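Subject: Structure handover

Hello,

Please find the structure below, with the sequence. My notes on it come after.

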Amino acid sequence: MPVPWFLLSLALGRSPMVLSLEKLMGPQDTARCSPGLSCHLWDGDVLCLPGSIVSAPGPVLVPTRLQTELVLRCHQETDCDLCVRVAIHLAVHGHWEEPKDEDKFGIAADPELEEPRNAFLQAQVVLSFQAYPTARCVLLEVQVRAALARPGQSVGSVVFDCFEAALGAEVRLWSYTQPRYQKELNLTQQLPALPWLSVSADGDDVHLVLDVSEEQHFGLSLYWNQVQGPTKPWWHSNLTGPQNITLNHTDLFPCLCIQVWPLEPDSVRTSLCPFREDPRAHRNLWRAARLRLLPPRGWQLNAPCSLLAEATLCWQAPGGGPCQSLVPPLSRANVTVNKTLELPLLNAHPNLCVQQVSSWEKLQLQECLWADSLGALKDDMLLVETRGPQDNRSLCALEPSGCTPLLSRASTLQLDGLLSVVPLGDSLPLAWQRAARLGEQLLQDLQSGQCLQLWEDDLRALWACPMDKCEYYKNCPSPQYQELESRHSYR
């Protein structure tokens, strides 16, 4: 009966610590030979009738060793059965007839007597398979040039794909020739059994129930399976079954995996990662994640598992409020954890922060990376410069309501003309008022070198301009603004 794919996945594993099995697509059996041999697989199964041993008429091919390998036969990508691949190693059995006396004295031999050496040695090799309740026999025809065959020496191997079997089954193999020239080969093999591992929750605790036979010795390992880099072991112990192991919900992470194996040579390891979609595991991962600064302009996201998150550079104004995303944004691709990344900045500033936004429930992590080294957030205005053709450029001030265009003296006079037609008592947008008040002075500060350039490319630039000049920005509005204020009422 076919083994469900999820059970094969548990038994054979997808962890880098577990050898993954080769997949064979399609239901048909096949055979292939090593170089120097040719082979053919008969269609359908044959009767398993070894018969009695007979004398070889001369050199013949016989099986000398059986070798097995586990593979997966897949009807579809995720619909696979466990399968036993068998390699039959062949050698030459028997000798050529001794030359007659006339050959020894240089008399020409009969050409018909030389013909066998220029022909092929052929063999019909039967491969018998038994694994309750299945029994099969297949027939392979193999041949090799007689000139390449030496008595007692190996001539190569033929590989058969494959006999389907169940997890934990005892497999018996026999191989012999028809007619049978020697005792048949036999091999008995126990396929890996599946340790039944279940995960259940009880309040804040998670139970790992391992259903293995009484007094069975096995190894159990908990580890973090990283997409980038090697796995990280967390806990390991050799135990005796059965076992019921309790984990606290705070120990759960999406990449926390469990591996169990019998304490026997060459045992197959069962691997399971049951918390990939667990909301508690994702919340724990996000809480464990840390952003840190790596001077001069590097940063790193540390987390036990790969974190599906996007990173953006943002500007945090003092007094709270949302951190406003900036150009240049950091690459909005998934961030590689525990890897140093470079910030594309010319200068650092305490108001510059990095935001991580998780794709899992949109959780957010933010660090203003230079707060420790450069002090508290500053009351600076961030200017966004856009550069166009023929040295045309425009600037706006980044504010919670958006990026407010800066107004020069000429722009302020245009605004004055606009105000002359606005009915008394009407109010202008707050952004226009602020632009009229601050625009020209910010432009002057930028031109006089009082603003710090944080970043630039061919099309854009970012500037941080100090806002600690009371006479300019707070209690002493510009003369143009005073004139406007005297003529109009703003609400």
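Predicted model: local features only at pLDDT ≥ 70, side-chain atom pairs only at ≥ 80, totals over all residues.

Residues are numbered from 1 along each chain as its sequence is written, and side-chain values use heavy atoms, with hydrogens and water left out.

Helix 4 spans residues 279-288. Helices (H or I, at least four residues) and strands (E, at least two) are DSSP runs, numbered from the N terminus. Ala281, His282, Asn284, Leu285 and Trp286 of this helix are buried; buried means under 20% relative accessible area, exposed over 50%, and partly exposed in between, with a 1.4 Å probe and protein chains only. The cover over these buried residues includes strand 20 (309-315), strand 23 (352-358) and strand 24 (364-367). At the N-terminal end, helix 4 is capped by Asp278, which has a side-chain oxygen 2.9 Å from the backbone nitrogen of Arg280.

The covering strands also pair with one another, where pairing requires that DSSP finds at least two bridges between two strands. Strand 20 and strand 23 run antiparallel and are joined by seven bridges, with Glu310 opposite Val357. Strand 23 is also antiparallel to strand 24, through four bridges, and here Val354 stands opposite Glu367. Strand 23 is largely enclosed by the rest of the structure, because six of its seven residues are buried.

Disulfides

The whole structure contains eight disulfides, a disulfide being a pair of cysteine sulfur atoms within 2.5 Å.

Cys255 and Cys305 are linked with their sulfur atoms 1.9 Å apart. The angle about the S-S bond is -70°, a left-handed link. This pair connects distant parts of the chain, 50 residues apart: Cys255 is in the loop between strand 15 (243-248) and strand 16 (256-262), and Cys305 is in the loop between strand 19 (298-302) and strand 20. Cys255 is buried at 8% relative accessibility, and Cys305 is buried at 1%.

Cys314 is joined to Cys323, S to S 2.0 Å. This link is right-handed, with 95° about the S-S bond, and both cysteines are buried.

Cys33 is joined to Cys39, S to S 1.9 Å. Cys33 is partly exposed at 24% relative accessible area, and Cys39 is partly exposed at 25%.

Regards

Technical notes
Contact = heavy atoms within 4.5 Å. Polar contact = N/O pair within 3.5 Å; in protein donor to acceptor, adjacent residues only side chain to side chain.
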